[in-house]
Amino acid sequence: MAGTESQINPFETAKQQVDIVADLIGLDGGLRDVLKHPKRELTVNFPVRMDDGTYRVYTGHRVQYNMARGPCKGGIRYHPQVTLDEVRALAAWMTWKCAVVNIPYGGAKGGVICDPKHMSKGELERMTRRYASEISAFIGPEMDIPAPDVYTDSQTMAWIMDTYSMQKGYSVPGVVTGKPISLGGSEGRGEATGRGCAYVIREASKHAGVHVKNGTVAVQGFGNAGSVAANILYDEQGAKIVAISDSKGGIYRADGMNPHAVEAHKAKTGSVVGFPGAKAISNEEILETKADILIPAALENQITAKNAGKIQAKIVAEAANGPTLPAADTVLYEKKITVLPDILANAGGVTVSYFEWAQDIQGFYWTLDEVNQRLERVMVRSYDAVHKVATERHVHNRTAAYVLAIQRVVDAVKLRGIYP
Ligand code: NAD
């Protein structure tokens, strides 16, 4: 991340986004203010016994941004740089993401300030259980359902589910999503983000003058989201994956690569770099590669006002959260590049989290085919709705997605009325 860009307060950005859309849809001051404030925030400071016998106090947050449309949903992040404002912004974005795909959730987010890379598994388990216990009055299947985020995973969710269930005295699988399948997780959750992204790319290609079959694809970031999107575009839609990168660098081959083979190479060597038959390229070059479709699937703030003019893709599908800076958006729009914004393009993950919760509550589990078919329906319907707003209002897809999402939240707030 570039220095000054990384210092932008994300919650200020989130509030500015609300203002832009509020101006567009003519939202009055009072409702605008509702959307610019988190509903509830909890900060907890709690001790954890470390492996060497000492105690250390950790600080965690859980922010419930808006629950007008349903229980709050959002991940838990473990990172040394977690701040309350970052958690607020992420909770706001979860609210809009759930609304854009029209699943019956509000938005939330949590975080603990810690350095998980330097903690043992035992320390992580004790910290997770104590954090879960501290926020337990605040979460629950009908109130707020956490999920994994940066440096938390299905094991973290299993510990939270167990801690919450121990306090209740019975198993409550619906308190978190992203759990192991053996504990009530859903089939298809692991690949849902990449799969959902591949579905919206397919739909957008119909309007963007791109043929996915034999079309060329560049993927920045080859982790969960990026590798799954590449595999599905290759296996199911016949795309040619010409460029791939990870944190160590990138590879390019004009006549395409089998992404499964690249995955196997990465599993063996630790990186995509050095894949036989491919040319080395940098992570900056991958964004500017000649390809029909570009999938940023790594970090935020990658497409800037500086490099946006050099992007050659016809579709940019944001599997990552926040890869494009606002100034770059205008450049891409003027270049008639179709941007599939993060709150739409990576919403497959939260959609299948919703399916997981629905299955847990029913105690009735679906097959992988059922999950994928339902995911496809949600992603196609959501892309169509965003495209319609973009066309009618002559705005780019990101603004259209925000208009759609914020309008849905506003409708719910208005219909419910202001209590008392
Ligand atoms: P991941 O950790 O599995 O993969 C991240 C990948 O990015 C790795 O291959 C890593 O090597 C690469 N990377 C790191 N720094 C890089 C750099 N400077 N240049 C190029 N590549 C770099 O993470 P993930 O779950 O795939 O998440 C990736 C993005 O997708 C994040 O922005 C995340 O918020 C977003 N996202 C993920 C999900 C999900 O369900 N996994 C859901 C929604 C959004």
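Guide: What follows takes helix packing and then the sheet. This is a predicted model, in which local features need pLDDT of at least 70 and side-chain atom pairs count only at pLDDT 80 or more, while totals for chains, interfaces and linings use all residues. Residues are numbered from 1 along each chain as its sequence is written, and side-chain values use heavy atoms, with hydrogens and water left out.

Visitor: Why are helix 5 and helix 6 called oblique to each other?

Guide: The axes of helix 5 (residues 121-134) and helix 6 (residues 154-168) cross at roughly 45 degrees. Angles under 35 degrees count as roughly parallel, over 145 as roughly antiparallel and 65 to 115 as roughly perpendicular, the rest being oblique; helix 5 and helix 6 are therefore oblique.

Visitor: What makes residues of helix 5 and helix 6 meet?

Guide: Contact means heavy atoms within 4.5 Å, and the residues that meet include Leu 124 and Arg 129 in helix 5, and Trp 159 and Asp 162 in helix 6. The residues of this contact divide into 4 nonpolar, 6 polar and 4 charged.

Visitor: What makes strand 1 and strand 5 the edge strands?

Guide: The sheet is open, with 5 strands in the order 1-2-4-3-5 and mixed pairing, and strand 1 (40-49) and strand 5 (144-148) each pair on one side only.

Key:
Axes are lines fitted to C-alpha atoms, for helices over the stretch in contact, and angles run from 0 to 180 degrees between N-to-C directions. Helices (H or I, at least four residues) and strands (E, at least two) are DSSP runs, numbered from the N terminus. Ala, Val, Leu, Ile, Met, Phe, Trp, Tyr, Cys and Pro count as nonpolar, Asp, Glu, Lys and Arg as charged, and the others, Gly among them, as polar. Two strands pair if DSSP finds at least two bridges between them.
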